[in-house]
Amino acid sequence: MVKSELIQRIASQNPHLYHRDIEKVVSAIFDEMVDALRRGDRVELRGFGAFSVRLRGPHEGRNPRTGAAVPVAKKAWPYFKTGKDMRARLNRETLPSD
């Protein structure tokens, strides 16, 4: 699912809301999550999971074409850990239908 599909699904479940308002709300939520991660905060959505940032220090990489050593700067990687409720919902066995 991409962002536009999420907005469309929310709009179909809430016909009393304007599409542009839903789009603004979804964008605001994502922007706030990114801002919190940039500050080094952890974003936790109970029952869903937690987003955090893992830092990878500078290291020496290799150019695959020439094999020459290339310095790689430190980077921040987003990390997601699913919540216990989410794992339970994903792994719930479905009953066979008759």
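Two residues are in contact when they have heavy atoms within 4.5 Å of each other. By that rule, and leaving aside neighbours within four places in sequence, Arg-42 is in contact with Ala-50, Phe-51 and Ser-52. The structure is a predicted model, in which local features need pLDDT of at least 70, side-chain atom pairs count only at pLDDT 80 or more, and totals for chains, interfaces and linings use all residues. Residues are numbered from 1 along each chain as its sequence is written, and side-chain values use heavy atoms, with hydrogens and water left out.

**Helix α2**

- Helices (H or I, at least four residues) and strands (E, at least two) are DSSP runs, numbered from the N terminus.
- Helix α2 (19–38) has 20 residues and reaches 29 Å from its first C-alpha to its last.
- That reach is close to the 28 Å expected at 1.5 Å a residue, where the expected span is 1.5 Å times one less than the number of residues.
- An α-helix has 3.6 residues a turn, so residues three or four places apart point the same way.
- After α2 comes Gly-40, which has a positive phi, near 95°.

**The largest pocket**

- A pocket is defined on a 1 Å grid over the protein atoms alone, as an open set of points with protein on both sides within 12 Å along at least five of seven lines; lining residues have an atom within 4 Å of a point.
- The largest pocket holds about 290 Å³ of space, a volume being the space filled by probe spheres set on the points, with grid points joined across faces, edges and corners.
- Its lining is made up of Leu-6, Ile-10, Ile-22, Val-25, Val-26, Ile-29, Phe-30, Met-33, Leu-45, Phe-48 and Phe-51.
- Two or more residues of this lining come from each of α1 (3–13) and α2 (19–38).
- Helix α2 gives the most, with six residues.
- By class, the lining has 11 nonpolar residues, no polar and no charged; Ala, Val, Leu, Ile, Met, Phe, Trp, Tyr, Cys and Pro count as nonpolar, Asp, Glu, Lys and Arg as charged, and the others, Gly among them, as polar.

**Strand pairs**

- Two strands pair if DSSP finds at least two bridges between them.
- β1 and β2 run antiparallel and are joined by three bridges, with Val-43 opposite Phe-51 in β2.
- The hairpin of β1 and β2 has three residues between the strands, and Gly-47 there takes a positive phi near 85°.
- β2 is also joined to β5 (residues 75–82), by eight bridges, and these two strands run antiparallel.
- In that pair, Ser-52 stands opposite Tyr-79 in β5.
- Four bridges link β3 (residues 59–62) and β4 (residues 69–72), which are antiparallel, and Gly-61 stands opposite Val-70 in β4.
- β3 and β4 form a hairpin with six residues between them, and Gly-67 in the turn has a positive phi of about 80°.

**Two buried glycines**

- Gly-49 is found in strand β2 and is buried, with a relative accessible area of 6%.
- Not counting residues up to four places away in sequence, Gly-49 touches Val-43, Glu-44, Phe-80, Lys-81, Thr-82 and Gly-83.
- Gly-49 and Lys-81 are 32 residues apart along the chain, yet their C-alpha atoms are separated by 5.5 Å.
- Gly-83 lies in the loop between β5 and α3 (84–90) and counts as buried at 15% relative accessibility.

**Two exposed loop residues**

- Arg-42 lies in the loop between α2 and β1 and is exposed, with a relative accessible area of 54%.
- The C-alpha atoms of Arg-42 and Ser-52 are separated by 4.8 Å, at 10 residues apart along the chain.
- Pro-58, in the loop between β2 and β3, is exposed, with a relative accessible area of 63%.
- Pro-58 touches Val-72, Ala-73 and Lys-74, not counting residues up to four places away in sequence.
- The C-alpha atoms of Pro-58 and Asp-31, 27 residues apart along the chain, are separated by 27 Å.

Definitions and conventions: 1 Å grid on protein atoms, 1.4 Å probe; cavity = no way out; pocket = protein on both sides within 12 Å on 5 of 7 lines; lining within 4 Å. Buried < 20%, exposed > 50% of the residue type's maximum accessible area, 1.4 Å probe, protein only.
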